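Here is a short note for your first look at this model. Keep the structure open and follow the points in order.

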Amino acid sequence: MKRFQWTSMFLLFLIFTLLPLGSLANASGDESSEITATIDSRPIYFDVSPQKINGRVMVPLRAILESLGAEVGWEDATQTVTGTKDGIVVTLRLNDTKAEVDGKSVPLDVAATKIEGRTFVPARFVAESFGADVKWDESRNQVIISTGAAVPEGRYYFVYNSLQVTAQDLASIKLFANKFRSTYNVLLDTAQFKTAPQLYDALKDEQKKLGGKVAGIQIFGLASDVPSFTYVHKMKFFPGNFEWNGVEENKNDVYVSDFFYSNLKNDSKYLKDVSVYGIVQEKLPINVIPEWPVSRLLLTKGEIAKYIDNYDAYHKQIVGKPVPTVAASAPVEYQKGLDTAQDDLAFFIKRLKEDKEFGLFKDTNQRIYYKDRTWLRRIRSE
């Protein structure tokens, strides 16, 4: 009998040891899980987690306003926050149980308050003030906001290394991701991935799970923070013979590249030390056709937040204003059949501006500066 009791106790101990903590929490009906929020089925990322106060879900104001596409203003003297979108102006003051929507006073169930340096407001009030519908999903602890916009099909990945960013950097990355309102935005921490092929596989797995289309990949950090691919671009040519075809790799010039993140059609085992030689001469099965943009912000720990803040400030300054595009010391080449010298960079920028092609800089002024105009006049006359 005593042996049976000890055996039973040992088995019980083993079960509790092996059972995931999450399973225990769910079984006990713990409702302390983190509150999340979505807008038109895309996640909102908060720099400070939402909280329930007096039975009302309170969220950081800036995160939800920018996710809705509203401009955020702050007046320190009166402790007043302003959100503006499509002519609608919402004003809230800290610790005040009244707010204003287009100049009309509106009572609040819970006053706006500061938590961890962020202004928290009732989620329902803010969303409904801008015409959105709000629901609360008790089972998922989630605020569901609908503006009537289509559910985004594209997935945009924001890639960073949690070990190589400060808390402020990460907060800025989250708020930056919220501004991409036409895509389903995914934050991906790369701290556990030491090589680019490992990260590539993680992106493939995440995309397979989410479905839809990839819209782009934004990387934060240096190659030492978030791994890049190694890439040998050059090949050496020499007279061919019966044993060699006259081409070999130039392994002295090794580069880093994010290009191979631009599609997910490759087997990662071929993406280690990629080279032109391997693709062309050895005919390795590597797809080099980009399907979405990939960009990297070449800043490291402690620099990212400041850059994003400066970007936000600059963006506010240029709203509605034309910004000149300047091509300095553009390379120039005279080509037969052309009345003027061919300016490669200016030609490229012109293509970017034209509606029939890219239409990217339609509202900008273009100025071209040449180092030697007399040389240009001379070559045109020859």
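1. Start with two terms. A residue is buried under 20% relative accessible area, exposed over 50%, and partly exposed in between (1.4 Å probe, protein chains only). Helices (H or I, at least four residues) and strands (E, at least two) are DSSP runs, numbered from the N terminus.

2. Know what you are looking at. This is a predicted model, where local features need pLDDT of at least 70, side-chain atom pairs count only at pLDDT 80 or more, and totals for chains, interfaces and linings use all residues. Residues are numbered from 1 along each chain as its sequence is written, and side-chain values use heavy atoms, with hydrogens and water left out.

3. Look at helix 8 (residues 304-318). Its 15 residues reach 21 Å from the first C-alpha to the last. That is close to the 21 Å expected at 1.5 Å a residue; the expected span is 1.5 Å times one less than the number of residues. Just after helix 8, Gly320 takes a positive phi of about 80°.

4. Which residues of helix 8 are buried? They are Ile304, Ala305, Ile308 and Asp312. They cover an arc of only 100° around the axis, so they sit on the same side of helix 8. The arc is taken from the directions that run from the helix axis to the C-beta atoms. The face turned away from this buried side carries the exposed residues Lys306 and Gln317.

5. What covers the buried residues of helix 8? The cover includes helix 3 (61-67), helix 5, strand 16 and strand 22 (294-297). Contact here means heavy atoms within 4.5 Å.

6. Now the aromatic rings. The structure holds 12 aromatic pairs. Rings of Phe, Tyr and Trp (its six-membered ring) pair if their centres lie within 6.5 Å; planes under 30 degrees apart count as stacked, over 60 as edge-to-face and the rest as tilted. Phe176 and Phe180 make an edge-to-face pair, 5.3 Å centre to centre with 70° between the planes. Phe176 is buried, at a relative accessible area of 16%, while Phe180 is partly exposed at 25%.

7. Stay with Phe176. It also pairs edge-to-face with Phe220, at 6.2 Å centre to centre and 90° between the planes. This pair links distant parts of the chain: Phe176 lies in helix 5 (residues 167-178) and Phe220 in strand 16 (residues 213-220), 44 residues apart. Phe220 counts as buried, at 3% relative accessibility. One aromatic cluster takes in Tyr156, Phe158, Phe176, Phe180, Phe220 and Tyr311.

8. Turn to the strands. Two strands pair if DSSP finds at least two bridges between them. Strand 17 (residues 229-232) pairs with strand 20 (residues 254-257) in the antiparallel sense, over four bridges. There, the bridge partner of Tyr231 is Tyr255. Strand 17 also pairs with strand 21 (residues 274-275), in the parallel sense, over two bridges. Val232 stands opposite Ser275 in strand 21.

9. Strand 1 (residues 36-39) and strand 13 (residues 142-146) pair in the parallel sense over four bridges. Ala37 stands opposite Val143 in strand 13.
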